[in-house]
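Hi,

Here is the structure I promised to pass on.

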Amino acid sequence: MNRTDEAESSERTSVGEAHRAPTQVNPLWRLFVARQAMRGGVLASRGQAMLATERRRRQGLQRRWEGATPTQRRVLTAVAVVAASVYPFIVDSVWTYVALLAIVGSVIGLSFIVLIGWSGLVSFAQATLMGIGAYTAFHFDRAGWPFPIAILGSGLVVAAAAAIMGIPGLRLRGLSLGILTLAFAGVGDGAVFANRWFTGGVQAGAVLKPASLFGIDLVTNRSFYYASWAVLLLLLIALRNIQRRSSGRTFLAVKSSEAGAIATGLNPSGVKIEAFVLSGFLAGVAGALFAYSLRSLAAYSFAVPVSLNLAVVSVVGGVNNLIGALLAGFVYAFAPALVTDWGISGDWVWIGTGASLILLVIVNPTGLGGLAARWLNLPDRPEPIGPVRSARSAPPRARLLEHTRSDLSGRGLLLSVDALSQSFGGVSALRDVSLEVQRGSITTLIGPNGAGKSTLFRVVTGQIKPDHGRVAFAGNDITTVASHKRAQRALSWTYQSNQLFGELTVAENLMVALHRHRPWDILTDAVGLPASTRRERSLRQEADELLELSQLGAFRDRRVSDLPFGAQRRVDVTRAVALRPSLLLLDEPATGMNPEETADFGEYLRRLHDDRDVTLLFIEHDMELVMSLSDYVYVLDFGQLIAEGTAAQVRANPRVIDVYLGKG
Amino acid sequence: MSEFTQFLIIGLVTGVLYALIALGIIFIYRGSNIVNFGHGGFAALGAFAFVSVYDKGSRPYALALLAACVLTAAIAGVAQQIAIRQVVDRDPIDGAVITLGLLTILTFSIGIVWGATPRQMPQAFGSEGMTIGDLVVSYHQVMAVVIGVALFTAVGFFLQATRMGRAFRAISEKRQVAQLMGIPTPAYDLGVWMLGGAIAALAGILVAPTTGLTTTALTFIMVKALAAAMIGQLVSIPRTIVGALAIGVAESMAIWKLPDVTGIREILAFAVITGALLLAPRERVLA
């Protein structure tokens, strides 16, 4: 089609349009026509005018709802709180009971959020855990304990059960874990809930007395409704606190990258157990609330298919946002009740739930909670604690720059690798390799592809145990020390490929490394103790200082996964520095950088070394970088050391020249 | 005949039934990389459809069996076209979550169509059986074992030795490359699920007289089947069969020797899965 034809056709279309009502034409078609007109170069001004109109219309469409403003959110929250408070006075007891179930469903939803949303784990046994909680509450009740103790006790018992379920699954993620937990649910059905002692015997059944609080019996659904609401609210506050603090970051860190977590001194298995325990606690509390709502328990309420259904409802509600749990609870209780009330079988609700699960996975994996969050203009995670903006303007305190944890007063041997041998299925990757790194030096390991550099790196960082030989760091034999423990002992490293925590911001990545995680952090964080808040503030400040040093300030609150490659590399190294290492081990850090980036990066390494007294050992391909930085160079070829010495010596070594340039 | 032999035979027959259910899971996993948690639902659908067509013996058994398999295959195909197809390029976990949704839909749809009253699942050859010593093994169970063995061989041969089978495996390993090699992936994707549905239905019809005709029972037996399949890392048919037979025999022996331990069979299944996962080399464990 030549230009005239095109122009004519668009002209004709425009005329045709004018005869019909132009405003009713499909906007996409108008856009198309306008584009065509522009491309033809004829009627360009008219086309442009149409494009501009179209753009305005589209913007208008977008502007219609840009998410709730803070005021609107506050009003909505207030309305929701008032509605929830007066609800049992406007409806009858049956509907109050439905609301009670919704609260139970919400707490179960929270238990899924901790597992799936925070930790990337799966459980198809939440109904089983909930059932164990319910029957535990029954036993507490029968023994005469008051309701708050029963709830807490059920939570703790189920937390232990969840840990037992989770331990065999520690090295698993995703589907294998799903299958394992499904089998655990089978044990619940076949062994736990078939145990007559546990379920109160066949004749007697598990019947609970009304919950009692401060001597008042909460006989009516209405009174128990308020008690349950209080529990749910407390849990929401506690989880929100965790999300905003270091233990929440720890979960996300392990979910984002286990290797990265290990490099920052975290033990992924430990963190996963914490997730199971916390999730189990929530499921146990849900079970106890369920027991006191029904006051008569039957084992089929906790059967394997129920576990699967609960997983479905919770994913429909959404596991990325705490709001998702509330929506899951609503769907779990109200959807069947409403539909049954209209005379339709409750089965249809489940069919609808299954269908919406499929639809949501395809269209919007964040679930209803994600939709609500977008609509309300809420971030996925609540704002973190601490001075979010102020610190940047404040001058950095020199504290961090002045001292590192390492004792660098004396020179001497920092790392020594002794007679290391390693083979993989008969192929030997390292043969009798020994090398030393002096304190305060910049040492490099070079060698062609397949020389065994990365194997050496993996042995020194503890990812593999060597067949023979030993590794000593700061005078201690660390050959058998676990990888994450090495990271805690001032030996720090970056991997060949970034293992950053993609879901966290740049500052948060550093904060994970700056803090040594302890299991009980989760308790102090949940309660929001002043000590925990203080710690958050100081971590943030330390992170800011590091950002200043690494000139990453501009990216501070950006998600790491959104950063350009060079900046990610720099975050990676800075995160390793945040551990206050005495030795920093870098595995081909300049790979994929252009010469300019490499030079810039070399500058940064030099500054780290000089200002922070970090000893560097790096594996590198880029000879220019190696020669400009290194004090001492080791050359590896086919698993053996072939040369060592200063940069100049190595450069002149004929064997090295052979290896790199081929035999002349 | 000794008591031991009797419990051994019972265990082996149960094991074959587990293996039958597991076979469909493996087939779909090998063809699409998705763990189909809806498998028990498809098996139940097949069994219920069979009961309706068979209509207490008014139509031939084989005809009813065929009709149920065709219907289930068609519905599995529809599910693949509507839902699974949308997530072929995504994390296989998305696919697995979708199959959970399918399970929910199937379970409750069956509830609506066939009602909640328990039904008798008819056996081929009625209630007659072979007498081995004091033990009566129904002809239906004998048939299940025979069909099972034939099916394992056929599927194994298909995947391993035929051109189409190789294409299946190529797709699940590297989808894009398979596409570049000229394999019509959309057609194969549909084929995997339809055949998987048919296998599920067949297994459901053969298994239901033993487990009882309820969606719960068939979801439950899926757990055992998954345990067996995990032994073969969801890939190896021979190892899955060995695993399924071992689980069946172990359960049978446990019931014989430890009749007082409640839930011994479920505990065994959990132990088997745990063991399979712990002993598997790390890189072979599923994502």
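Below are some notes on the interface and on a few charged side chains.

This is a predicted model, so local features need pLDDT of at least 70 and side-chain atom pairs count only at pLDDT 80 or more, while totals for chains, interfaces and linings use all residues. Residues are numbered from 1 along each chain as its sequence is written, chains are lettered from A and ligands numbered from 1 in the order in which they are written, and side-chain values use heavy atoms, with hydrogens and water left out.

First, the interface. Chain B places 44 residues in contact with 36 residues of chain A (contact means heavy atoms within 4.5 Å). Together the two chains bury about 3600 Å², 80% of it on carbon and sulfur atoms; buried area is the accessible area (1.4 Å probe) that two parts lose on being put together, summed over both. Phe108(B), Ile112(B) and Phe270(B) supply 17% of what chain B buries against chain A, more than any other three residues. The count of salt bridges between the chains is 0 (a salt bridge is a side-chain nitrogen of Lys or Arg within 4 Å of a carboxyl oxygen of Asp or Glu).

Over all chains, though, the structure holds 17 salt bridges. One of them joins Arg470(A) to Asp418(A) at 3.7 Å, N to O. This pair links distant parts of the chain, 52 residues apart: Arg470(A) is in strand S8 and Asp418(A) in strand S5 of chain A (strands are DSSP runs of E, at least two residues, and helices runs of H or I, at least four, numbered from the N terminus). Asp418(A) and Arg470(A) are also linked with Asp477(A) in a network of salt bridges.

Arg556(A) and Asp544(A) meet at 2.6 Å, N to O, in another salt bridge. Arg556(A) lies in the loop between helices H23 and H24 of chain A and Asp544(A) in H23, so the pair ties together parts 12 residues apart in sequence. Both Arg556(A) and Asp544(A) are buried (under 20% relative accessible area, with exposed over 50% and partly exposed in between; 1.4 Å probe, protein chains only).

What is the nearest side chain of opposite charge to Arg486(A), which is buried yet has no salt bridge? That is Asp477(A), 7.4 Å away (Lys and Arg count as positive and Asp and Glu as negative; His and the chain ends are not counted). Arg486(A) sits in helix H20 of chain A.

Best wishes
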